[in-house]
Amino acid sequence: METIELKIYNIVGNQLCIEAEDGQKVYTLIKKGFVEGKKIILSFQNVSMITTAFLNTAIGQLYRDYTEEKIKSSLEVVNIDPDDVRRIKRVTDTAKAFYKDREGQLKKSISEILGEGDND
Amino acid sequence: MATFTLTKIDNGYNSYKQIIELYQTHKDTFFDTIDIHLDLWFGANMAAVLGGVLDLFIDNMNTINLFIENSETKNVLMRNGFLSHYGYERVLDDRHSTIEYLKIKPTDGRFFNSYIIDEFINRSEMPEMTGALKKKIAESIYELFVNAKDHSGTKFIYTCGQVFPVKNKIEFTIADTGKGFQRVVNDALLTNFTAGQAIKWAIKDRNTTKNDITGGIGLAILHEFIKLNKGRLQIISGNGFYEFSEEGQKLHKFPYDFPGSYINVSIRTDDDSSYALREEIDSNDIF
């Protein structure tokens with residue numbers, strides 16, 4: 001499988017990957033690559049900060065469009081801080097659960113709060 | 001001409017209550033002059049809360065005059081730039097203890113980035129902190145900014161803070177005058193949560209009001225960070241007051257509604273927790 005490296009710093013134009021809109025740009029490029037059957041390597045070289053809002057749009061929503069197996073075999077990250085690896089893992093775990101059973105998750109979360117009462 | 005006095009404003013429930021009372025008293029005042037006296041003390045970070053409320057009065061074509069009797073309070077609010085929005089001269093922060101009062105459009109993310117770099121990351125006079133802690137603080141503030149930007153529908157976001165070198169702490173507040181947690185959550189979930197319930201729902205991990213894209217992690221991460229740091233998190237929205245600290249979780253009701261949402265964090269800077277040394281995750285095992 002041919003690989004393409006996407007340089008996040010260049011796509012965002014900044015060392016700070018903060019906003020969901022910037023994540024959307026990354027998502028669009030990953031999808032373009034996936035459609036053409038390419039493997040995508042995301043390089044976080046020179047990136048100093050990443051929010052979950054950015055990661056949700058850049059990576060999280062891929063789980064809506066592709067299977068976990070497809071993403072696993074076609075996406076890789078390099079040059080990334082270990083703490084940010086944890087953050088991506090948290091986003092991908094959340095995305096898998098979200099797209100698997102959004103309705104069930106929502107109902108459970110509402111019941112939990114109602115079960116706790118108002119407490120004020 | 002109307003007059004209102006705010007007395008000894010810190011980060012406690014009663015201080016927020018006074019600012020809500022100010023809002024309730026004058027939210028329907030138009031084309032008037034409102035004289036506001038800040039009596040005894042006014043915590044610098046609370047400028048973000050007051051600034052949002054005063055802008056709503058200004059939207060109603062009112063003239064705002066601020067009177068500050070306490071010279072120390074006046075000096076701090078001049079140094080952090082808050083009073084320069086109300087006819088006072090801007091003075092240099094020669095004590096380097098303020099985090100500038102900023103009123104910013106939600107679309108000005110790039111400007112906010114520079115603000116965080118200047119006020120937190122590259123600032124030499126910050127109390128000594130580990131690099132990991134500094135990064136955690138900046139990340140938390142960014143998460144709050146994007147949260148306000150993406151959910152509140154506010155015209156402006158207001159931020160302000162104060163550094164306390166002797167007490168080893170930073171207070172930072174981010175405020176908006178948008179829809180508030182209760183409306184955002186109830187509109188999306190078709191629930192009838194109280195403001196307090198909406199806040200509690202929103203800070204739980206993986207709870208998001210979005211339907212198509214994942215979310216709900218930012219506030220949960222902030223909550224976890226504050227717990228590890230042994231700091232304090234306050235969320236005020238509508239008539240709900242939520243506080244989390246070492247003492248546990250508190251939820252109170254105000255007699256009236258606040259316009260928008262206010263998040264205040266108190267972070268210990270002498271925290272040497274090894275944020276970076278938790279369990280390593282293989283980057284090949286994240287998808």
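**Exercise 1. The loop that holds B:F31**

Task: State where B:F31 lies in chain B, and determine whether B:F31 is buried or exposed.

Solution. Step 1: B:F31 belongs to the loop that joins helix 1 (13–26) to strand 2 of chain B. Helices (H or I, at least four residues) and strands (E, at least two) are DSSP runs, numbered from the N terminus. The model is a predicted one, in which local features need pLDDT of at least 70 and side-chain atom pairs count only at pLDDT 80 or more, while totals for chains, interfaces and linings use all residues. Residues are numbered from 1 along each chain as its sequence is written, and chains are lettered from A and ligands numbered from 1 in the order in which they are written.

Step 1: A residue is buried if 20 or more other C-beta atoms, placed from the backbone, lie within 10 Å of its own, exposed if 12 or fewer, and partly exposed in between. B:F31 counts as exposed because it has 8 C-beta neighbours inside 10 Å.

Step 2: The phi of B:F31 is positive, about 50°, although the residue is not a glycine. Most residues other than glycine have a negative phi.

**Exercise 2. The buried side of helix 3 of chain B**

Task: Identify the buried residues of helix 3 of chain B and explain why they lie on the same side.

Solution. Step 1: Within helix 3 (residues 71–79) of chain B, the buried residues are B:V76, B:L77 and B:R79. Step 2: These residues are on the same side of helix 3 of chain B because they cover an arc of only 160° around the axis, taken from the directions from the helix axis to the C-beta atoms. Step 3: An α-helix has 3.6 residues a turn, so residues three or four places apart point the same way. Step 4: The buried residues of helix 3 of chain B pack against strand 2 (33–42), helix 2 (47–59), strand 3 (63–68) and strand 4 (98–104) of chain B.

**Exercise 3. Helix 6 against helix 7 of chain B**

Task: Characterise the geometry of this helix pair and the residues that form the contact.

Solution. Step 1: The axes of helix 6 (residues 180–189) and helix 7 of chain B come within 8 Å and cross at roughly 75°; the axes are lines fitted to C-alpha atoms over the stretch in contact, with angles from 0 to 180 degrees between N-to-C directions. Step 2: Helix 6 of chain B is therefore roughly perpendicular to helix 7 of chain B, as angles of 65 to 115 degrees are so classed, with under 35 roughly parallel, over 145 roughly antiparallel and the rest oblique.

Step 1: Helix 6 of chain B contributes B:F181, B:Q182, B:V185 and B:N186, and helix 7 of chain B contributes B:A195, B:A198, B:I199, B:W201 and B:A202. Two residues are in contact if their C-beta atoms, placed from the backbone, lie within 7 Å. Step 4: These residues divide into 7 nonpolar, 2 polar and no charged; Ala, Val, Leu, Ile, Met, Phe, Trp, Tyr, Cys and Pro count as nonpolar, Asp, Glu, Lys and Arg as charged, and the others, Gly among them, as polar.

Step 2: B:A202, in helix 7 (residues 195–203) of chain B, is buried, with 26 other C-beta atoms within 10 Å. Beyond its neighbours within four places in sequence, B:A202 is in contact with B:F181, B:V185, B:N207 and B:L219.

**Exercise 4. A buried lysine**

Task: Locate B:K149 and name its contacts beyond four places in sequence.

Solution. Step 1: B:K149 is part of helix 5 of chain B and is buried, with 25 other C-beta atoms within 10 Å. Step 2: Setting aside neighbours within four places in sequence, B:K149 is in contact with B:P106 and B:I157. Step 3: B:K149 and B:P106 are 43 residues apart in sequence, and their C-alpha atoms are 5.1 Å apart.

**Exercise 5. The side of chain A that touches chain B**

Task: Describe what chain A gives to the contact with chain B.

Solution. Step 1: The contact takes 39 residues from chain A and 34 residues from chain B. Step 2: On the side of chain A, helix 6 of chain A gives the largest share, 13 residues. Step 3: By class, this side has 19 nonpolar, 12 polar and 8 charged residues.
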